[in-house]
Amino acid sequence: SWRIVDLSVGMAYAMLSAFEKTKHSLAAAAAMLRGFHSVYPVTNEERKHLRLLIACRLALSCTFGAFSLRQNPDNLYLLLHSEPAWEAMELIWSHGCDAAAIDKLF
């Protein structure tokens, strides 16, 4: 549903903000999900898509950042979201991660 897509975008940005400051990006995303779920319950069907949708939004941040930096290589501000997005995406999607545990967290 559109609700879960909107939630996944918010969770992706929560991960980015937390990753830069505290390295607790999964906790930030999970906290956002808990808050959202307390007001608008998330179904199991919706929940099973969160990891992929979050990764898609993070991939967009990486892609937009790389494209923009290529257009303007002197503007390092453009890396503000792309570098943490790569790290957050690796965290939830790498071969060494426990996908089941992350899916359970979300």
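In this predicted model, Phe36 is partly exposed, with a relative accessible area of 22%. Tyr40 is likewise described as partly exposed, and its relative accessible area is 48%. The ring centres of Phe36 and Tyr40 lie 5.7 Å apart and the ring planes meet at 45 degrees, so the pair is classed as tilted. The reasoning rests on two cut-offs, because planes under 30 degrees apart would count as stacked and planes over 60 degrees apart as edge-to-face.

The cysteines raise a question of their own: how many disulfides does the count come to? In general, a disulfide is a covalent bond between the sulfur atoms of two cysteines. Here the count comes to zero. Cys56 is partly exposed, with a relative accessible area of 41%, whereas Cys62 is buried, with a relative accessible area of 3%.

The accessibility values discussed in this report are set side by side below.

| Residue | Relative accessible area | Class |
|---|---|---|
| Phe36 | 22% | partly exposed |
| Tyr40 | 48% | partly exposed |
| Cys56 | 41% | partly exposed |
| Cys62 | 3% | buried |
| Leu78 | 24% | partly exposed |

A further topic is the largest pocket, which has a volume of about 150 Å³. The residues that line the largest pocket are Tyr13, Arg57, Ser61, Phe64, Gly65, Tyr77, Leu78, Leu80, His81 and Ser82. Sorted by class, this lining consists of five nonpolar, four polar and one charged residues. Which helices each supply at least two residues of the lining? They are helix 4, which spans residues 50-71, and helix 5, which spans residues 79-93. Of the contributors, helix 4 gives the most to the lining, with four residues.

Leu78, one of the lining residues of the largest pocket, is found in the loop between helix 4 and helix 5. Leu78 is partly exposed, its relative accessible area being 24%. When residues up to four places away in sequence are left out of the count, Leu78 touches Gly65, Ser68, Leu69 and Asn72. Gly65, one of these contacts of Leu78, is also listed in the lining of the largest pocket.

Terms used:
Residues numbered from 1 in each chain as written. Predicted model: local features only at pLDDT ≥ 70, side-chain atom pairs only at ≥ 80, totals over all residues. Heavy atoms only, no water. Phe/Tyr/Trp six-rings, centres within 6.5 Å; stacked < 30°, edge-to-face > 60°. Buried < 20%, exposed > 50% of the residue type's maximum accessible area, 1.4 Å probe, protein only. 1 Å grid on protein atoms, 1.4 Å probe; cavity = no way out; pocket = protein on both sides within 12 Å on 5 of 7 lines; lining within 4 Å. Points joined across faces, edges and corners; volume = space filled by probe spheres on them. Nonpolar A, V, L, I, M, F, W, Y, C, P; charged D, E, K, R; others polar. Disulfide = S-S within 2.5 Å. Contact = heavy atoms within 4.5 Å.
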